[in-house]
Amino acid sequence: MSKTVREIAETMGGSAENLVKEKQRVRDEIKRQKIKTKKVGNKFVVSDADVESVVAALKKKSVKESSKKKEDNEELLRLINSLKEENSELRSKN
């Protein structure tokens, strides 16, 4: 059995809006790993073993990206809180 890029992207989850981005990530990862694709009809398919390696690599990357986003968000929250404190101090002086 084999899967198309769309099927792989759908197994990764996400909304329909992000499907195009997920499909591109899958294509990029296939190229990065130099995986051979086969053409069946008018669709390119990848073997199941290769699908597992692509999905594992993409999940690993998404975990790194989400942790980086979380760190960035925490930093922004700290900055917002410090600015709020500064603002309240300035208001009390006026």
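Is the crossing of α1 and α2 left-handed or right-handed? The crossing is right-handed, where a crossing counts as right-handed if the near helix is turned clockwise from the far one by less than a right angle, and left-handed if anticlockwise. This is a predicted model, in which local features need pLDDT of at least 70 and side-chain atom pairs count only at pLDDT 80 or more, while totals for chains, interfaces and linings use all residues. Residues are numbered from 1 along each chain as its sequence is written, and side-chain values use heavy atoms, without hydrogens and water.

The axes of α1 and α2 come within 9 Å and cross at roughly 115 degrees. α1 is therefore roughly perpendicular to α2, a term for angles of 65 to 115 degrees. Across this crossing, residues of α1 including Val5, Ile8 and Ala9 meet residues of α2 including Leu19, Val26 and Ile30; contact means heavy atoms within 4.5 Å. By class, the contact of α1 with α2 has 7 nonpolar, no polar and 5 charged residues.

The largest nonpolar core has 13 residues, of which Val26, Ile30 and Val54 touch the most other members. Such a core is a set of buried Ala, Val, Leu, Ile, Met, Phe, Trp, Tyr and Cys residues joined through side-chain atoms within 4.5 Å, with buried meaning under 20% relative accessible area (1.4 Å probe, protein chains only). Beyond its neighbours within four places in sequence, Val26 is in contact with Val5, Ile8, Ala9, Val54 and Leu58.

Threonine 11 also lies in helix α1. Threonine 11 is partly exposed at 46% relative accessible area, because that value falls between 20% and 50%.

Conventions
Helices (H or I, at least four residues) and strands (E, at least two) are DSSP runs, numbered from the N terminus. Axes are lines fitted to C-alpha atoms, for helices over the stretch in contact, and angles run from 0 to 180 degrees between N-to-C directions. Angles under 35 degrees count as roughly parallel, over 145 as roughly antiparallel, 65 to 115 as roughly perpendicular and the rest as oblique. Ala, Val, Leu, Ile, Met, Phe, Trp, Tyr, Cys and Pro count as nonpolar, Asp, Glu, Lys and Arg as charged, and the others, Gly among them, as polar.
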